[in-house]
Amino acid sequence: PELISGDMESAMAVELNPWVEYEFRVVATNKIGTGDPSTPSRVIRTNEAVPKTPPANVSGRSGRRHELVIAWEPVSEEFQNGEGFGYIVAFRPNGTRGWKEKMVTSSDASKFIYRDESVPPLTPFEVKVGVYNNKGDGPFSPIVVICSAE
């Protein structure tokens, strides 16, 4: 944080992450040196917000015949921005219109398996994975092409 002059009685913390617990301390400094930090403040949780961070590294994984296995790196808790966090997995055969969407309600999830007996092996799919919480839907990852299992 910026240095605050000695006659100030308050300061504003900015750019804090939503839905994160924070504690604050004050440290005084002068020409002679730096004092010990104050005792921590009470724990303060910032307000919830719509998630802003989509999952990273969306990719395909090996699976069984007629499966499309979609994997991603889960979003860490500090970027979930509120309760009710989950993923929206969207996919469609390459070159088609209209996304099929499936909700994955576990915040720890790192993959989704779509099974369809009519999907031939090595069918390319466009895939993206988005995020949501109780405040609303956040962004999707960039679209990647993943092939169904052989």
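This short talk walks through the core, the strand pairings, the salt bridges and a surface patch of one structure.

Before we start, please keep in mind that this is a predicted model, in which local features need pLDDT of at least 70, side-chain atom pairs count only at pLDDT 80 or more, and totals for chains, interfaces and linings use all residues. Residues are numbered from 1 along each chain as its sequence is written, and side-chain values use heavy atoms, with hydrogens and water left out.

Let me begin with the inside. A nonpolar core here is a set of buried Ala, Val, Leu, Ile, Met, Phe, Trp, Tyr and Cys residues joined through side-chain atoms within 4.5 Å, where buried means under 20% relative accessible area, exposed means over 50%, and partly exposed lies in between, with a 1.4 Å probe and protein chains only. The largest nonpolar core has 19 residues, and those that touch the most other members are Ile-70, Trp-72, Tyr-87 and Phe-91. Two or more residues each come from strand 4 (67-73), strand 5 (86-93), strand 7 (111-115) and strand 8 (124-133), and strand 8 gives the most, with 4 residues. In general, nonpolar side chains in soluble globular proteins tend to be buried together.

If we take contact to mean heavy atoms within 4.5 Å, and leave aside neighbours within four places in sequence, the partners of Phe-91 include Leu-68, Ile-70, Trp-99, Phe-112, Tyr-114 and Phe-125.

Two strands are said to pair if DSSP finds at least two bridges between them. Strand 3 (residues 56-61) pairs with strand 4 in the antiparallel sense over 4 bridges, with Arg-61 opposite Val-69. These two strands form a hairpin with 5 residues between them, and in the turn His-66 has a positive phi of about 70°. Strand 4 is also joined to strand 7 by 5 bridges, and these two run antiparallel, with Leu-68 standing opposite Tyr-114.

How many salt bridges does the structure hold? There are 3, each being a side-chain nitrogen of Lys or Arg within 4 Å of a carboxyl oxygen of Asp or Glu.

In one of them, Glu-67 meets Arg-115, with the closest N and O atoms 2.9 Å apart. Glu-67 is buried, at 6% relative accessibility, whereas Arg-115 is exposed, at 55%.

Arg-92 and Glu-126 form another salt bridge, at 2.8 Å from N to O, which links strand 5 to strand 8 over 34 residues. Here Arg-92 is buried at 17%, and Glu-126 is buried at 16%.

There is also the salt bridge between Arg-45 and Glu-21, at 3.4 Å from N to O. Because Arg-45 lies in strand 2 and Glu-21 in strand 1, the pair ties together parts that are 24 residues apart in sequence.

Finally, let us look at the surface, where Leu-16, Phe-24 and Ile-44 form a nonpolar patch with about 210 Å² of accessible area together. Phe-24 lies in the loop between strand 1 (21-22) and strand 2 (44-45), and is partly exposed, with a relative accessible area of 32%. Patches are made of residues with over 30% relative accessible area and no salt bridge, like charges being joined within 9 Å and nonpolar side chains (Val, Leu, Ile, Met, Phe, Trp, Tyr) within 5 Å, while accessible areas come from the Shrake-Rupley method with a 1.4 Å probe, and for residues only the protein chains shown count as cover.
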